[in-house]
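Please keep the sequence and the model in view while reading.

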Amino acid sequence: MTSTPFYAGLAASELRVAETGYRAAVAYDSRFGNWEARASVRRKPARRLEGQGDELAVPFPPELAPVATHPLVTGRGPAAVREVLTHCLYQYLHFTTELEELAVIPVVGKISRNRAGLLLPEAMRADAFKIYTDEAWHAQFSYDLVRQVERGSGIAVRLPELPLFVDRLDAVRDRLDPAVRGLEGLMFSIVSETLISAILADLPHDARLPKAVRELVRDHAEDEGRHHAYFRQLLDAFWPALSARERAAVGPLLPEIVYAFLEPDYRAAGLALRAVGLRPDEVAQVLAESLPRDRVTGDVAAAARSAVRYFCEVGALDNPATAEAFEASGLLARVP
């Protein structure tokens, strides 16, 4: 496989931050004291589809997949809607696997090995090992459920090699001053880990979904609640330790990092639409009408509220250029 710059960057020996040796004075409040009794990898079984004929009738919430309810899809009948929703489930699970393996695990791996350039309390390093283990399990169970759904539904997986967040983060890296290149990976992990628990909150309660999907998402969400607290404290430790020049270099690109995580994967959605026979012009129409820019901006701003608030609290928006970038991105519209 040919590596993209982001993929290659994560596989490199160290993040850019590791070369800098940022000092981080932080009083750490661990949420992992009872990890062995609570972590899904320690106490939850692998989730299995039950094999009922109608179990996959609604594989993914239609409200979260507007392309599946567009007239050009619904006009093709319930089977087409179900197929597009199945592809949306594949995309969600694939995104989870790739997010954990490409973005989060490399960061916590370096923290656990004391190779991230962050002088953190020993307890934070120890908990990074636990997060590493959790995330590997999340990647594994997401990958495994894709295979189960493919067998149970008879709908072949059609996915891009990598989610679109990889390309988006590559673009951020390319715009960074080489002196601070690599920080975008750490900031992306902070963004994703402080937002994903909220994104997962409603799915376990949606009785329309297969039981295995609801249980898997519940397991993931419970773990991510602890990860959220960890990465929130990591931001508290890291951001103030940057120099003014480094904060000025990275800050204006933070909105793009938020969008890299939260903006829809148009490429994957297009594949799902082509899978049910839509022509290229119809695919373009469905994407344009189902995911108009104003809707996407509003959805991203609503989903990003906690992360944006955290950036405000650590002083990231004290830099005028950073504040201007957040305002222009629309991310401040939902922050009280």
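Contact here means heavy atoms within 4.5 Å, and helices (H or I, at least four residues) are DSSP runs numbered from the N terminus. The model is predicted, so that local features need pLDDT of at least 70 and side-chain atom pairs count only at pLDDT 80 or more, whereas totals for chains, interfaces and linings use all residues. Residues are numbered from 1 along each chain as its sequence is written, and side-chain values use heavy atoms, with hydrogens and water left out.

**Packing around α11**

Two packed helices are described by the angle between their axes and the distance between the axes. Axes are lines fitted to C-alpha atoms, for helices over the stretch in contact, and angles run from 0 to 180 degrees between N-to-C directions. Helix α11 (residues 254-262) has its axis within 8 Å of that of helix α16 (residues 320-329), and the two cross at roughly 35°. On the α11 side this contact is made by Leu254, Pro255 and Tyr259, and on the α16 side by Ala325, Phe326 and Ser329.

With helix α14 (residues 293-303), α11 packs at an angle of about 100°, the axes being 10 Å apart. That makes α11 roughly perpendicular to α14, a term used for angles of 65 to 115 degrees. Here Val258, Tyr259 and Leu262 of α11 meet Arg293, Thr297, Val300 and Ala303 of α14.

The table gives the residue classes, in which Ala, Val, Leu, Ile, Met, Phe, Trp, Tyr, Cys and Pro count as nonpolar, Asp, Glu, Lys and Arg as charged, and the others, Gly among them, as polar.

| Contact | Residues by class |
|---|---|
| α11 with α16 | 5 nonpolar, 1 polar, no charged residues |
| α11 with α14 | 5 nonpolar, 1 polar, 1 charged residues |

**Helix α15 and its cover**

After α15 comes Gly315, whose phi is positive, near 90°.

**Two single residues**

Ser197, found in helix α8, is buried, with a relative accessible area of 17%. Leaving aside neighbours within four places in sequence, Ser197 is in contact with Glu224, Gly225 and His228.

Glu122 lies in helix α6 (residues 122-153) and is exposed, with a relative accessible area of 51%, exposed being over 50%. The C-alpha atoms of Glu122 and Tyr28 are separated by 9.5 Å, although these residues are 94 residues apart along the chain.

Notes: Buried means under 20% relative accessible area, exposed over 50%, partly exposed in between (1.4 Å probe, protein chains only). Angles under 35 degrees count as roughly parallel, over 145 as roughly antiparallel, 65 to 115 as roughly perpendicular and the rest as oblique.
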